[in-house]
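Let us take a friendly walk through a protein together. Have the sequence at hand and turn the structure slowly as you read.

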Amino acid sequence: MGDKITLSVIKADVGSIAGHHMPHPDQLAAATKILAEAKQKDIIVDFYVTHVGDDIQLIMTHRKGVDHPDIHGLAWEAFKSATKVAKELKLYAAGQDLLSEAFSGNVRGMGPGVAELEMEEREAEPVITFHADKTEPGAFNMPIYRIFADPFNTAGLVIDPKMHDGFMFEVYDVFEGRSVLMKTPEESYDVLALIGTPGRYIVRRVYRKSDNLLAAVVSVERLNLTAGRYVGKDDPVAIVRAQHGLPAVGEVLEPFSFPHLVAGWMRGSHHGPLMPVPMRYAKVTRFDGPPRVIALGWNISKGRLIGPVDLFDDVAFDETRRLAEMIAEYMRRHGPFMPHRLGPEEMEYTTLPSVLEKLKDRFVKTEEVKVVKKHSDLLSH
């Protein structure tokens with residue numbers, strides 16, 4: 001692969017303490033041991049293990065390119081090791097995101113979420129990795145669009161000559177398994193027409209239009225579509241490169257100052273605000289939430305991970321968190337009613353189909369006049 005470095009972020013929920021709260025420290029230690037041994041064997045250059053909510057996050061650098069079986073197999077081994085700990089400790093949902101017993105060369109489609117970006121290191125290589133819990137990949141649609149296509153968010157689109165030509169968005173249709181490349185600003189309205197439906201159309205990659213430099217990657221795995229049943233929300237990850245002809249770190253973070261509504265939260269069946277939090281708050285409590293995201297800042301030097309900086313650990317995001325708490329309170333007051341609960345198309349993998357099946361023979365076609373007469377008869381008694 002020459003001088004190219006690949007940054008791989010692979011995550012999975014393989015069990016947690018007290019419901020869907022957070023992994024046990026022994027699980028993180030087990031995963032760390034596997035990756036440390038791989039680093040000693042030069043399979044990977046560097047790594048970092050952390051979590052957000054109940055998801056273990058493996059951040060790795062290597063020279064093997066994307067989708068390499070050695071790297072995916074290593075992640076699988078780490079998650080299996082953490083699963084073993086979860087089973088020994090009788091943690092909740094041990095091995096939940098591992099949809100197969102045997103590794104088949106690539107973890108895509110097997111449960112874990114994956115974002116990988118191969119790069120030629122620039123003179124300075126600032127990168128931010130985003131890790132979300134209790135939500136779906138489309139949760140990154142609005143922030144990614146604002147980072148790379150909204151001049152009211154990213155001043156560099158107007159005043160930086162290297163960004164002025166705009167960016168290309170690869171938009172992925174999770175139902176059909178196909179992608180379309182679209183240019184901004186020319187096709188901005190068309191991009192928004194698609195990604196405004198984040199449950200189906202997801203921004204998968206972003207390229208700088210002037211030279212096709214890959215600037216951002218988002219995981220697009222939808223667990224329920226893979227498993228055919230509800231096994232947990234997808235809890236996406238994303239990688240965004242910054243500075244030197246790309247949005248500045250501050251421009252990358254700015255969209256998260258608005259805690260927009262995302263799908264997920266309790267049982268993956270509710271809308272709630274995406275709350276940016278520091279790592280110390282990367283645990284989920286209220287109604288198994290609210291949905292939250294952490295941002296880790298890095299520099300990459302010859303594959304070494306310099307960092308992380310806990311970017312949301314700042315009073316500048318206190319008001320965002322306060323607003324998210326108000327939104328969470330407002331949405332929770334709706335209880336089982338939409339728009340807090342997701343629409344029927346997103347409830348396919350919950351108990352709703354079984355309820356409809358149970359009641360199917362009790363639904364009858366009635367004319368309005370008969371209904372009115374029946375109600376009148378009831379009232380007369």
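Predicted model: local features only at pLDDT ≥ 70, side-chain atom pairs only at ≥ 80, totals over all residues.

Residues are numbered from 1 along each chain as its sequence is written, and side-chain values use heavy atoms, with hydrogens and water left out.

**Salt bridges**

Side chains of opposite charge can pair when their charged atoms come close. A salt bridge here is a side-chain nitrogen of Lys or Arg within 4 Å of a carboxyl oxygen of Asp or Glu. A search of the whole structure finds 21 of them.

| Pair | Closest N to O distance |
|---|---|
| Lys-11 and Asp-97 | 3.6 Å |
| Arg-322 and Glu-319 | 2.3 Å |

Start with Lys-11 and Asp-97, which form a salt bridge. Lys-11 sits in strand S1 (residues 4-12), while Asp-97 belongs to the loop between helix H2 (69-88) and strand S4 (113-120), so this pair ties together parts that are 86 residues apart in sequence. Helices (H or I, at least four residues) and strands (E, at least two) are DSSP runs, numbered from the N terminus.

Are these two residues buried or exposed? Buried means under 20% relative accessible area, exposed means over 50%, and partly exposed lies in between (1.4 Å probe, protein chains only). Lys-11 is buried, at 0%, and Asp-97 is buried at 0% too.

Now turn to helix H8 (residues 318-332), which holds both Arg-321 and Asp-318, 3 residues apart, or about one turn of the helix. Arg-321 is buried at 9%, whereas Asp-318 is partly exposed at 31%. Arg-322 and Glu-319 also both lie in H8, again 3 residues apart. In this pair, Arg-322 is partly exposed at 43% and Glu-319 is exposed at 54%. Elsewhere, salt bridges with shared partners join Lys-11, Asp-55 and Asp-97 into one network.

**The largest pocket**

On a 1 Å grid over the protein atoms alone, a pocket is an open set of points where a 1.4 Å probe fits, with protein on both sides within 12 Å along at least five of seven lines; lining residues have an atom within 4 Å of a point. Grid points are joined across faces, edges and corners, and a volume is the space filled by probe spheres set on the points.

The largest pocket has a volume of about 500 Å³. Its lining counts 26 residues, and those nearest the centre are Glu-136, Gly-196, Thr-197, Pro-198 and Gly-199. Helix H3 (141-149), helix H5 (188-195) and strand S11 (261-264) are the elements that give two or more residues to this lining. Which element gives the most? H3 does, with 4 residues.

**Paired strands**

Two strands pair if DSSP finds at least two bridges between them. Strand S6 (residues 167-173) pairs with strand S8 (residues 201-208) in the antiparallel sense over 7 bridges. Within this pairing, Phe-167 stands opposite Arg-208 in S8.

S8 also runs antiparallel to strand S9 (residues 214-218), joined by 3 bridges. Here the partner of Arg-205 is Val-217 in S9. S8 and S9 form a hairpin with 5 residues between them, and Asn-212 in the turn has a positive phi of about 65°.
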